[in-house]
Every structure is written in C-alpha cells, then in structure tokens.
Amino acid sequence: MCSIAGFFDPSANFLSRQGEFEHILQQMGRTQAHRGPDDSGILLTGQCGLSHTRLSVIDLENGRQPMTKSIDGYHYHIVYNGEIYNLAKLRQELTERGFAPETSSDTEAILLSFLAFGPEFVRRLDGIFAFAIYDERHKILSLYRDSFGVKPLFYTLQNGTLIFSSEIKGLFCFPQVTARLNADGLNEIFGLGPARTPGSGVFQDIYELKPGTSMTCSSLGCITETYYKLCSRPHTDSYEDTVEKTRFLITDAIRRQMISDVPVCTFLSGGVDSSVVSAVCADELKKQGRTLTTYSFDFTGNEKYFRANNFQPSMDRPYVEQMVSFLHSDHHFLECGSHVQADLLYDSVEAHDLPCMADIDSSLLYFCGQVAKTHKVVLTGECADEVFGGYPWFHKETFLNCNTFPWTPDLSPRKQLLRKDLLDALHMDDYVQNAYETAVREISILPEENETEVNRRRIGYLNIRFFMQTLLNRMDRTSMHSGLEARVPFADRALVDYVFNIPWEMKAKDGLVKNILRQAARPLLPEEILFRRKSPYPKTYNPSYEQLLTDRLREVLKQTDCRLKELVDLSALEQFLGHPKDYGAPWYGQLMAGPQMIAYLLQVEHFLKTCHVSIRL
C-alpha cells in the first residue's frame, strides 16, 4: 500500500515556479509517509504534479512511482495506492493486446490497461485501489477509487486547481487549502459521526471521491462517473446451489487476496468471519510448507471486568485458543491497557484527520502497530456482518421500521450535550434524515418484495454503502498509520454482488444469523466456531477506564483555550460525566456506548486544535 497526492490545473505553468511546487509535492509525501515508508517519489510537469510514497508488497524492485509510459513520444503517468488481485489475468490480456508488461508490478499493469482498453479499463480491475493517471498529451487527469472505498481518496478545488490526496492532511500542504467547518461539517461530526455521508470530506469544500467512481478533469472542467454500483436482481439459484456458490466465492476471494511478495498474516478473533479467512489462508500456506501467523486482540483485565450483554455475549479467548489448535497457527495474543488506548485517542485523530471511532479506533491503532513490527500484509474478517446480515438491525422489527440509520436510531444522546444555540443552527434531525433518504433512494426495489423485504434490502444497502465505509476507513487508517496493509476478502465485488441478492429466508434460514455464511463454511471450521453467537470487536470493561476518560475531559474543559466550550452545554456535560455509563446501550453501532462518547469528545477537542479548525455557521 502507499499514499498518493498531487495537483492539476490545465491553465497553469507549474514549471515556472518549479522549486516551489516540487517542495509542495515533497511535503504532501512526507505528511503521508506512514502509509509508504519504503520509498517516495515526485513528478512535476507544466500542468500537473504527482507525489507518491510506497509500501513495497508486489514487485519490490520495479514498482517505483510515479511511473511513466511513453507511446509515440507522448507521456502518461500514474500514482497508485492499492492491490490488484486479478493481476495474472490482466497481464495475459495486455500481452494479447500487444501491451506486454515489462515488470510484475500491478502499477504498470494498470497504466497499460488505461492505454490498451480505453475509458472502460477500470471495470476490468479486481482489487482495492485509489489512483491518478495523467495524460500529458491531452492535459487530462483522471482519478479512480475501488468499488467499496477500501482505499481513500480526497480532493478539493482551489481557484481552478484540483488538489488530491490519500489523506486529508495532504491537501493542507497546498497553499490556501484551510481547515474550515460549516453547519454541514458539524452535522457530519455530531449527527452522523463517526460515519460520514458518502463523498463528504467534512471540512468545507473538501470531498472524498465516492466508491466505484472516477473523475476526469480537463480544460472543460471535471466530470464524475459511476462505474460500479450495487444492483437489485432476482435470485434464481436453489438453496443448495446458493450455499455452494457462496463457498466458492468466499474461498476464491481469500485465495486471490493472499497475493504478495512478502509474508501474510491474519487477525483471528475466534468468530466465524475471521476464522474462515484464517482457515483458508492456513490451508494455502500449508501446501507450500509454511505456517500461518495469526493475531488476536483483547484488553488488560477483561477476564475480570467483562460483562456479557446483548451486543457482546462472550469473550474471544476460548474460541481463539480452539481455532489456534485447529489451524496449528503461529499465534500471538495481544493486549491493550486502558492508558494506552486513551493515550492513542489523539493519534487516531491524526491518522484520520477527523474524530473517529474513539477507543474502538485507538485500540486497533495500537494492535496494528504491534503487528506491523513483523508483517506488512494482513487479511481480516471485516465486512462479513454488513454483507451477510449479522447485525441486530437486520432481525429486530424496531430497527427494520425505524426509518433512519439503524445504527443510530436515536439522536438524543448526541444532542443532549450540545449548546441549544448550536442545535438551533444545525437542524440536525433534518440533516440526518435527508442523508438517510438520499441513500435509500439509490437502491432499486424488486416488484415482488413485500414491506419487510424492502426494509431489509434498504438496510442491507445502507450497511454496505454507509456503515461498512466507516469500518473500512477505520481499518485503512489504523493499519496504514504503521505501514500495515489490511485486506478485506468479504468486501470482494463478486461476493458482495451475489450475496446482496440472496433472499432473507436463505440468508437467515430457520432464524440462524448469517446462515448462508455458516453453511458455506461448514467444511472449513469446527462446529463450536461455526455456530458461535456473534461477538463484535472487543472493548474494555474496566471501570477505571471510564474514570480515566472523565478526568482527562474535565482537565481539557479547564483549559482557557478549550474549543469544546464553543459547542457543548457545560452543565449537561458535567451531569453526563457524573453518572456511571451504560455499556450495553450504544449511541453508534454496537460498541460505542457511554465511555466512547467521552472519548469521542476528547477527539473532537484535539481535532479542532491540531487542525486549527475555524468554524463558521
């Protein structure tokens, strides 16, 4: 994996101030060097500048970027972040077309595909990616992002210049790009956060290229095009064929995503999702005489403080131990303490350039940093719940009929802490409702579907296009902050396309949550793992952690330059801090309950200060 950045203006002459703009490109790279610590490079032409930092995973010797190809004396340049999983097939097609690659680099294969197949080439790519291609002959810059937004790509327009970057911080290296928040940005943070509206960069005039989208910029302006979207189709396969095809799609996706010139490892929680990924990886490595390395996560003292609840019914460790014995993996149990995850709350903000999933994020940041000491590539079980319907909101009537985002059915926990004059200016309920209605209008409904099936399809779509994006953002930023590339086989395009249209009576046959996944995984896992009740990413239940956060927030509020005072109702916040928190009543998803609200406010304060954010309503 890598970082990319750059700028483009068809009417400019950047070479007239070459030193200045090369310095900007170098700054854009340096500020994202954590994403690609192995190498870096820049390229400046009259109308375009490109910057790249590299994490070497494929073709360690020949994958330097920016990469250039010349045809008939005309130059074409690319900077690319990602992995292409159908590289062998793509190379064969290119050779047949007369564009034989000279290296094994997927960067070269993408650029040659652009030259060989024309504008539709991106539909041939199977992988996770964000990249920019500059056609120097025609002075056209094109940006592309993968189907589900696994890899990030932000942009802004300033006085006719397009500036783009893997992370928002790269944009701020360009003159006149500043950190400003208006009412929409505050609604993203407090109404939808840590989720974001697709395409929103939260900051005023900063955007994220939507998943499955390309953007082409020239002297005529910028045009965006959707090259991939989820489609509703009747499902015609029998139940038995559905299970068999799902098994093939899962195992095929995992095997393809093991492609690497460096060793791969897996995250293993003992749940069905990560266990399937680990089982397939272990089997593939065993054929090569190699042993899979696996990692599991927990929190110091959880064996004492853990309390089962509806959202987190069991601890992971007994199931992890069973899977390690089953796989014969080289396993590492990692633990995070309360002070570590509290200390890393601010690092998480700096990894995202935004408030994020509080300690759910900071703890994963720590774990990824530990894994990155020995590995560059990890496969995870992320996204299976979104794809196969593992969350409570797929099953409970109250969620199905809530007519809003089911992971945030009630805004009152958020609104009760904000100043009344701010709430009056934000119109938060309207903003969130509009975001919801805009999203559900995107999905087509099949004529034969009844009201319950329609609601499930809508929730399924929202989960893949909205909720899953939050988790993909979290996985990318926490892993790439330490130069670790995280892959997500359950976000494979062919798999998601197929499973999205499997009817609910198959997906949850006989009331079994994620039934199709469990049946598809039958030959791969022990029964106890296969039918374990879902338990999400772990979190600490140590009451001292809540007190630690409370003390830190109170110290922040005492500071004369505290930015939170501009936004929160201090008396309401003090009342909130003075009462023990309900760990089983989340205000976002399944994991973000009372302590995470305190942690989130700490992140908001750090965000406002370190990004030097100006607020104008």
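Two strands pair if DSSP finds at least two bridges between them. I started with that rule, and with the DSSP runs behind the elements: helices are H or I over at least four residues, strands are E over at least two, and both are numbered from the N terminus.

I am working on a predicted model, where local features need pLDDT of at least 70, side-chain atom pairs count only at pLDDT 80 or more, and totals for chains, interfaces and linings use all residues. I number residues from 1 along each chain as its sequence is written, and side-chain values use heavy atoms, with hydrogens and water left out.

**A hairpin.** I looked up β12 (residues 213-218) and β13 (residues 221-226), which pair in the antiparallel sense over six bridges. Two residues link β12 to β13 in a hairpin. Within this pair I found S214 opposite E225 of β13.

**Whole chain.** I counted 25 helices and 19 strands in the protein chain.

**Packing.** I see 63% of the 617 residues buried, meaning under 20% relative accessible area with a 1.4 Å probe, protein chains only. Of the contacts (heavy atoms within 4.5 Å) between residues at least 6 apart in sequence, 74% join residues at least 24 apart.

Terms used
Buried means under 20% relative accessible area, exposed over 50%, partly exposed in between (1.4 Å probe, protein chains only).
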